[in-house]
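Got your viewer open and ready to click? Let's take a short walk through some helices.

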Amino acid sequence: MDISGQLVERCRRGDSKAQFELYKLYANAMFSVSCRIITDKMEAEDAMQEAFFKAFDKIDTFRNEVTFGAWLKRIVINTCIDHLKRKRLLTVSIDDTPGVSVQASDDDYSPESVEEVKVAMQKLPEGYRLVLTLHLIDGYEYDEIAEMLGIAQSTVRSQFVRAKQRLIELVKNRK
């Protein structure tokens with residue numbers, strides 16, 4: 001059994017030191033996940049902390065079907081989504097982004113650096129950034145994202161296309 005597995009077992013027995021060790025082991029990675037979804041660092045940290053509380057509260061439901069880190073990441077993502085839902089910023093109307101159509105672009109633009117893309121992503125509306133992050137970075141399929149967000153799969157697809165187009169525009173206009 002790996003170190004996180006041992007810590008999980010100790011957490012199930014109510015060992016608060018094991019909880020702290022698990023927190024130290026996963027906090028940085030989960031904070032990164034949270035920051036990809038919520039741009040405000042303090043809000044992202046709050047959401048991450050809330051996710052850890054949820055995870056420790058529900059630790060008995062962890063069944064070792066996936067790694068503890070993957071299980072925790074799903075809780076962090078869902079907590080961040082809930083946070084955004086409370087703020088009502090999940091979807092952006094096409095009217096809010098003039099000049100962006102639903103049609104996919106054939107433009108093969110390549111940014112010069114990853115940092116350039118990261119900076120541009122932070123400028124995207126919350127809903128766009130969320131769908132891009134969940135699909136491209138976290139690897140969720142459209143149907144999974146639709147289920148998580150409680151929206152239609154077609155809405156996820158159109159948000160993804162719009163987000164990608166807007167991201168390309170932002171990167172191009174930075175030059």
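Predicted model: local features only at pLDDT ≥ 70, side-chain atom pairs only at ≥ 80, totals over all residues.

Residues are numbered from 1 along each chain as its sequence is written, and side-chain values use heavy atoms, without hydrogens or water.

**Stop 1: α2 and α4.** Select residues 16-37 (helix α2) and 68-87 (helix α4): they pack at an angle of about 40°, with axes 10 Å apart. Now show the side chains in contact (heavy atoms within 4.5 Å): among them are Leu22, Tyr26 and Met30 of α2 and Phe68, Leu72 and Val76 of α4.

**Stop 2: α7.** Next, pick residues 142-149, helix α7. Which of its residues are buried (under 20% relative accessible area)? They are Tyr142, Ile145, Ala146, Met148 and Leu149. Look down the axis of α7: the buried residues fall within an arc of 165°, so they line one face of the helix. They pack against α4, α6 and α8.

**Stop 3: α6 and α8.** Finally, select α6 (126-137) and α8 (153-173). Their axes are 8 Å apart, at an angle of about 100°. The two helices are therefore roughly perpendicular to each other (65 to 115 degrees). Residues making the contact include Tyr128 and Leu132 of α6, plus Phe160 and Leu167 of α8.

Technical notes. Axes fitted to C-alpha atoms, helices over the stretch in contact; angles between N-to-C directions. Helix = DSSP H or I, 4+ residues; strand = E, 2+ residues; numbered from the N terminus. Buried < 20%, exposed > 50% of the residue type's maximum accessible area, 1.4 Å probe, protein only. Arc of directions from axis to C-beta. Parallel < 35°, antiparallel > 145°, perpendicular 65-115°, else oblique.
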